[in-house]
Amino acid sequence: MYLVANISVEICASKSCKLCTQYCPEANTIQYSETMGTDKGFKYGTAYIAVDRCKGCALCVWVCDTLAKNNAIKMTMIDQLPMAAVTDNIRYEEKTTVAVLSNPMIVIGN
Amino acid sequence: MSLDYVKFSGGFEKFMPKEYRDMVEHGPFGKKISVSQMGSFKEILEEHPMCAGCAMTLFIRLAIIAFPNPEDTITVGTAGCGRLAISQAAIPFVYGNYGDQNGVASGLSRGLRLRFGDKPKDVVVMAGDGGTADIGFQQVLHSWFRKERFTTIMLDNEVYGNTGGQESGMTNRGAVLKMAPLGKKFEKMDMLQMAKVAGCAYVATVVPNNPRRVESVIKKAVLIAREVGSTYIQAYTSCNIEYAIPTDKVMEDAKTVENDRYQFTEYVSDEAKQYLTERYGYKDYLPKAAAPAAAIPTQA
């Protein structure tokens, strides 16, 4: 098993600084969705990880903890994530994205 | 070399992979995109084989987002880590022999001007410190002396990272590396002064821990290169493998190095200032507010 980043929607959607999206070295890995935060009753949208693209460098953890001081991102073993976004289930809209969350072990295991 | 190549061939749409469909339908081609929108659109750069946590990749990602007209841009590269990512972008990429990237870009940029006239077609060279300051040094300097109109970006990781850690001209004096165990005996080359001596219209240093600054610097360099002359950007993009930087500390290292020896500097020639102001409406260089632009002394 290996580590991937995991963003806490509760913290992220109440701050919405979007810094992690600008610092990830991988393209289209940390995505941002307006609806995935507001649908759950939070003030803003949330960032989320396309776990099939994440290389586990934890650069975003440093950015979230030190630059943004939000402590919303933790590294988690991929089999410990019950639900996560993967590239195939991400849909792009006009100015946002929407992901259908699924069990990453089943999707990536294929 | 136009929006025409960013579309599906008739009848093939349903057979294309999801990433390609997203690129055509939600990519940045033909739109104005900035780093503040990252995470909400399909990027030109795709998955690549660069190491986890590589600052060079982050810089390349930001640079590609910053291109003013990605559909009218060609990137040129040479051997080195950077080409592993640059070649994974939906922008034509020319891979020359080692060190000839500025020679290739000179011909390419002249040819595009002959073929397309005034329609802007941008050529951007992205090569490592070895390709730019050591092996390609002669062609780089000559292209600047000839005032060839394209942008040269040095991805300065201060080591030959792709071949096991040999010292390069841009390595700092005294640095001990895997393939330079006695430490480097000479100073780091001052490419910034050389760029100014050679007559570059725009010279800047940048570190990727400030994405908005990277965006602004790349945009200016590409726009100035359309008409005024050569432009040069030197970017500190640490090698976390050869310099043994833990991946989660890469940005901390970038910040330390920025404060220590890689402060943001920007030199814009008078002609380039006038061009940016008149043609693209930049307000920074109007007579009253000229001070911030002259961060590098111009005595070169």
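Which residue in strand 3 of chain A is the bridge partner of Q31(A)? It is Y48(A).

## The model

This is a predicted model, where local features need pLDDT of at least 70, side-chain atom pairs count only at pLDDT 80 or more, and totals for chains, interfaces and linings use all residues. Residues are numbered from 1 along each chain as its sequence is written, while chains are lettered from A and ligands numbered from 1 in the order in which they are written.

## Strands of chain A

Helices (H or I, at least four residues) and strands (E, at least two) are DSSP runs, numbered from the N terminus. Strand 2 (residues 30-33) of chain A pairs with strand 3 (residues 46-49) of chain A. The sense is antiparallel, over four bridges. Two strands pair if DSSP finds at least two bridges between them.

In a regular strand, side chains alternate between the two faces of the sheet. Both faces of strand 3 of chain A are covered. T46(A) and Y48(A) lie on one side, A47(A) and I49(A) on the other, and all are buried. A residue is buried if 20 or more other C-beta atoms lie within 10 Å of its own, exposed if 12 or fewer, and partly exposed in between, with C-beta atoms placed from the backbone.

## Chain B overall

Chain B has 10 helices and seven strands. Its C-alpha trace spans about 60 × 45 × 35 Å along the principal axes. Its radius of gyration is 19 Å, which agrees with the value near 19 Å for a compact globule of 300 residues. That radius is taken over C-alpha atoms, and the globule rule is 2.2 Å times the number of residues to the power 0.38. Of the 300 residues of chain B, 49% count as buried.

## The cores

The largest nonpolar core has 103 residues. Such a core is a set of buried Ala, Val, Leu, Ile, Met, Phe, Trp, Tyr and Cys residues joined through C-beta atoms within 7 Å. Those with the most contacts inside it are I49(A), L59(A), C60(A), F59(B), Y202(B) and I224(B). Helix 2 (residues 55-66) of chain B gives the most to this core, with 10 residues. A second, separate core of five residues includes V159(B), L177(B), C239(B) and I241(B).

## Where the chains meet

In all, 26 residues of chain B are in contact with 25 residues of chain A. Contact means that the C-beta atoms of two residues, placed from the backbone, lie within 7 Å. On the chain B side, helix 1 (18-26), helix 2 and helix 9 (250-260) each supply at least two residues. By class, that side has 10 nonpolar, six polar and 10 charged residues. Ala, Val, Leu, Ile, Met, Phe, Trp, Tyr, Cys and Pro count as nonpolar, Asp, Glu, Lys and Arg as charged, and the others, Gly among them, as polar.

Helix 4 (residues 59-67) of chain A packs on helix 9 of chain B at about 65°, with axes 8 Å apart. Axes are lines fitted to C-alpha atoms, for helices over the stretch in contact, and angles run from 0 to 180 degrees between N-to-C directions. L59(A), W62(A) and V63(A) meet V250(B), M251(B) and E252(B).

Helix 4 (residues 101-116) and helix 6 (residues 137-145) of chain B cross at roughly 35°, and their axes come within 7 Å. N102(B), G103(B) and S106(B) meet Q139(B), V140(B) and S143(B). Here the residues divide into one nonpolar, five polar and no charged.
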